[in-house]
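I wrote down what I looked up and what came back.

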Number of protein chains: 2
Amino acid sequence: MTTETSLVDSALRNWNQQIERLNKVFALRPEPQLQQEIAPGKNRLIYIWGHLTSVNDALIPLLGFGERLHPELDAMFVKNADRAVPIISAEDLKHRWNEINERLAAEFAKLSPADWVQKHTTVSEEDFKKEPHRNRFNVLLSRTGHMAYHIGQAMLASGQE
Amino acid sequence: MTTETSLVDSALRNWNQQIERLNKVFALRPEPQLQQEIAPGKNRLIYIWGHLTSVNDALIPLLGFGERLHPELDAMFVKNADRAVPIISAEDLKHRWNEINERLAAEFAKLSPADWVQKHTTVSEEDFKKEPHRNRFNVLLSRTGHMAYHIGQAMLASGQE
């Protein structure tokens, strides 16, 4: 492995680790438990899971892979707070979660290190010349951190900190 | 910037972003507020801050930069649960937090991309040949995620999720 492929490999391992942790927290849990709040009056587990599913789905256009698979998740889990609007079932959510992550994994595998440091789709060519850190790799790292942020909250529901 | 320096730059930006968020959550908050629990019966903010300070301090030997600056933090914030043993004051903690992060930033700045993919100090040369992902960069990413994980919890104390 060259230095650059090794750097990308570490970031993808880190991404996958968060996905696996989330599978343990959410996908392997019986549905009734997903209705649990992470703390009194705070988000339910299912809302956090939906939120992460929607944010991961939005990576598809942001990284230039194509159209979102499930834009309908945004209204349920990003634009509205928990309990504000009806949401899909845990089973439907699990299906979307897996579908989106499989698509991302397939797209990630096609990118070379040079592709990773290319601009993401919401920055203009002009701005990217001045701010070359607004690249795909930066998005990958920040969304990996976003998963970790909410895993920290979700673990509270299991009595772990 | 080459591809490999750009990849490392993104990871360091991500690290710094988490440090800045933690400064907002902890270092800029008046001391009495740090006694607040993130949720009823859960860790206090000051404990989480101390925990992250101690874990960051442990990066110094792990990444081969030298001896820990404050190994005494381990007993207060890693080996024991919150409230189990007496801890230092917020002022003393803030001083250590800044000292440790400044030292890490100075050491990080000296590493080339090739240095980042070298092994960390707790893996043997032999194991590293089989598992080359056990490198410094992987440690950096996983500790950045560790900060994000606890930031997610700490934000609950501010009524944010």
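I began with the terms: helices (H or I, at least four residues) and strands (E, at least two) are DSSP runs, numbered from the N terminus. The model is predicted, so I kept to its limits: local features need pLDDT of at least 70, side-chain atom pairs count only at pLDDT 80 or more, and totals for chains, interfaces and linings use all residues. Residues are numbered from 1 along each chain as its sequence is written, chains are lettered from A and ligands numbered from 1 in the order in which they are written, and side-chain values use heavy atoms, with hydrogens and water left out.

Entry 1, chain A as a whole. I counted seven helices and zero strands in chain A. Along the sequence I read the pattern α-α-α-α-α-α-α. I then looked up the radius of gyration, taken over C-alpha atoms; the globule rule is 2.2 Å times the number of residues to the power 0.38. For 161 residues a compact globule would come near 15 Å, and the 17 Å of chain A agrees with that. The box filled by the C-alpha atoms of chain A is roughly 45 × 30 × 25 Å along the principal axes.

Buried means under 20% relative accessible area, exposed over 50%, and partly exposed in between (1.4 Å probe, protein chains only). On that scale 53% of the 161 residues in chain A are buried. Contact means heavy atoms within 4.5 Å. Of the contacts in chain A between residues at least 6 apart in sequence, 65% join residues at least 24 apart.

How many residues of chain A are in contact with chain B? I found 37 residues of chain A in contact with 37 residues of chain B. L7(A), Y149(A) and E161(A) supply 24% of the area that chain A buries against chain B, more than any other three residues. Buried area here is the accessible area (1.4 Å probe) that two parts lose on being put together, summed over both. Between chain A and chain B it is about 3200 Å², and carbon and sulfur atoms give 59% of it.

I located F137(B) in helix α7 (residues 136-154) of chain B. Is F137(B) buried or exposed? F137(B) counts as buried because its relative accessibility is 0%. Leaving out residues up to four places away in sequence, F137(B) touches residues of both chains, including L7(A), S10(A), F137(A) and W116(B). I also noted Q118(B), 19 residues from F137(B) along the chain, with 8.1 Å between the C-alpha atoms.

I87(A) is partly exposed because its relative accessible area is 28%. Residues up to four places away in sequence aside, I87(A) touches R44(A), I46(A), M76(A) and F77(A). Y47(A) is 40 residues from I87(A) in sequence, and their C-alpha atoms are 8.5 Å apart.

R83(A) lies in the loop between α3 and α4 of chain A too. Its phi is near 75 degrees, a positive value in a residue other than glycine. Most residues other than glycine have a negative phi. R83(A) counts as partly exposed, at 45% relative accessibility. In chain B, R83(B) lies in the loop between α3 (73-77) and α4 (90-110), and phi of R83(B) is near 75 degrees. R83(B) is partly exposed, with a relative accessible area of 44%.
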